[in-house]
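Subject: Structure for you to look at

Hello,

Here is the structure I promised to pass on. My notes follow it.

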Amino acid sequence: MGRKLLSWFIFASVFTVACVNAQWTVDGLTGVTAMHAMMLTPTTIIIIDKSETNPDAKLPDGSLTWAAEYNLATHKFRPLKLSTNTFCSAGAFFGNGTFLSTGGGEPNPANNAGDGYRGIRYFQPCQDGTCEIIEVPNLLSSNRWYNAMLTMPTGDILNFGGSVQSTGANSANKNNPTFEIHSPTGNNKASNVQFLVDTLPYNLFPFIHVIPDGIWQGYYIVFANKASVIYDITNNVPIKALPEAPGGIRSYPCTGAATLLPLDYQNNYNPEFLVCGGQSMFNQFTNPAEDSCVRMDLGSADPKWEADNFGGIPRVMPDVVHLADGHVLFLNGASLGQAGYNTGKLLADNPAFTPLLYDMYQPLGQRWTKLTPATIPRMYHSVASLITDGTVWVAGSNPNPNFKTGGLYPTEYRAEIFTPPYISANTRPQITSFKGQTTLNTSPIKVTYGEAVPIIYTLTGTPGTITATIVHPGFRTHSQAMSMRLVHLQITDIASSGQDTYTAKTLNANGQPSEYAFQVEIAAIFKQLLSKAYPTLMYHVLPEAKEYDEDGFRRKRLDVLVRDSGLSAYGYELLVEGEQRCFQ
Ligand SMILES: *[C@@H]1O[C@H](CO)[C@@H](O)[C@H](O)[C@H]1NC(C)=O
Ligand SMILES: [Cu+2]
């Protein structure tokens, strides 16, 4: 029969949310320069500096140190003892959750810092303020300064490239064109990588990520300078040379930032890679930074670069952060010059205060949104990381050889919290239980591959579509986001049981209202309206809240499916367009 039941539209602004943009708040002091940082637990961040004279980072014996644990709940730092120089080093988690820091720089007798070039340091995260860095006598196969580290699919850690001594740009006699793997059996064997020879002199802190899906699954995307390759680490062979990336140099000291874009079950986790910013000229400190990005679809058999702008802001030393909703944030850095520091000479200037939001799903030319500018310059040796409440912790900056007060770009110990626009949405679910556990953020909750995890949440205000993401915020240093990854998780069931039956699961297991509480209310209103208009028909009313982008704005929409019980056809009604969030 296919009778169309109804055709009316109501456009009502039922949900009005004030236009808000991002916010910056000073959070606490880091004690040491946040040159390297990584979230370790829901409330703690490890901060590793190079050996320098941080006046407030005093150990109980009165000596000064260059590492600290920052507590997000108390906004305080706890100095951590170190005995080797962690200057421009790297870090990653083992699959079992133990943190590993390796590499570094020359001894610094003034601060009692030993040679860190071959240093290996373990840290077992804890939340009771007792854990300490353990430096072990076994050493790296060779010196590594400006190396990259990455958690491998096996849970081992890959240690890739770098130089054998501190330098500006790399050179043939300082290069360390090898990798080694840290595993339970201990593997200090270095394997040679020709790509790290071919990309001289701009191959320090190479970008490297595991390709998690698609035809290149299990291989690695490696990028340095302007070159990239799909690499087989297991057999130590390049699999496919990729075209040269358009635009400037992307690697230290012409430092850009790179990331694997968020992975989404809706496109079968198709891997894409993005590199942004950098500098086209070495040692030209007043030259504008690179204002381009390049993106590559690694799901393709013959991947090509797609060139984009960098949101209209030239930027060197950007930090890249996956936000919890799958947007990609770029912030920090400078619009002139390059990375590094020098005595008496400024290598970078014009701090890039304006953060940029990147929406990977938009067409070319419509992906960038500028957010509220910062006020604290975050130049060389600064970091940013997503933290567990969905905000971004931003810290560091010290483009000076040692601790410095006053003048332009002094040592910056203030950490800030950057609150992205989505935090102000009145639709954020409060998780009350995760896999049956109601005490959250105190101890790890183990989830195995393929396991379905029940998450119970409450929601007040107007619901959107509930989405879930899982994020590794990455080890942060020198614009690197080592191991950073975000995956959109498929939600198998939000208290619904199919399209034409409606089970009113209005309360969650805690007896609190769920998203469906709201939907039931809407459904009840509709049933009333409908029965008044069409008293003889039977209906199923299936409201569905959605968020979508329209004309560059994020809007919320409620679709209502009204169905005559006896018919196979749907009456489809678009009901309410409510909210417009403003990103300026
Ligand atoms: C995790 O694995 C690493 C590498 O095998 C090992 O050194 C570390 O002790 C392990 N941590 C725990 C808590 O077992
Ligand atoms: Cu450095």
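Strand S29 (residues 382-386) is mostly covered: five of its five residues are buried. Buried means that 20 or more other C-beta atoms, placed from the backbone, lie within 10 Å of the residue's own; exposed means 12 or fewer, and partly exposed is in between. Strands here are DSSP runs (E, at least two residues), and helices are too (H or I, at least four), numbered from the N terminus.

This is a predicted model: local features need pLDDT of at least 70, side-chain atom pairs count only at pLDDT 80 or more, and totals for chains, interfaces and linings use all residues. Residues are numbered from 1 along each chain as its sequence is written, while chains are lettered from A and ligands numbered from 1 in the order in which they are written.

Back to S29. In a regular strand, side chains alternate between the two faces of the sheet. Ser 382, Ala 384 and Leu 386 point one way from S29. Val 383 and Ser 385 point the other way. All are buried.

S29 pairs with strand S30 (residues 392-396), antiparallel, over five bridges. Pairing requires at least two DSSP bridges between two strands. Ser 382 sits opposite Gly 396 in S30. The two strands make a hairpin with five residues between them. Gly 390, in the turn, has a positive phi of about 90°.

Another sheet is open, with four strands in the order S6-S7-S8-S9 and antiparallel pairing. Its edges are S6 (90-93) and S9 (134-135), each pairing on one side only. S8 (residues 120-123) meets S9 over two bridges. There, Tyr 122 has Ile 134 of S9 as its bridge partner.

Now the core. The largest nonpolar core has 121 residues. Such a core is a set of buried Ala, Val, Leu, Ile, Met, Phe, Trp, Tyr and Cys residues joined through C-beta atoms within 7 Å. Ile 45, Ile 47 and Leu 150 have the most contacts inside it. Strand S15 (residues 220-224) gives the largest share, five residues. Domain 1 (8-419) and domain 2 (428-580) both contribute residues, so this core lies between them. The domain bounds come from an automatic or database assignment.

Ligand 1 is surrounded by Phe 94, Asn 96, Thr 98, Gln 124 and Pro 184. The cut-off is a C-beta atom, placed from the backbone, within 6 Å. That shell has two nonpolar, three polar and no charged residues.

Overall, the chain has two helices and 40 strands. Buried residues make up 45% of its 584 residues.

Best wishes

Technical notes:
Ala, Val, Leu, Ile, Met, Phe, Trp, Tyr, Cys and Pro count as nonpolar, Asp, Glu, Lys and Arg as charged, and the others, Gly among them, as polar.
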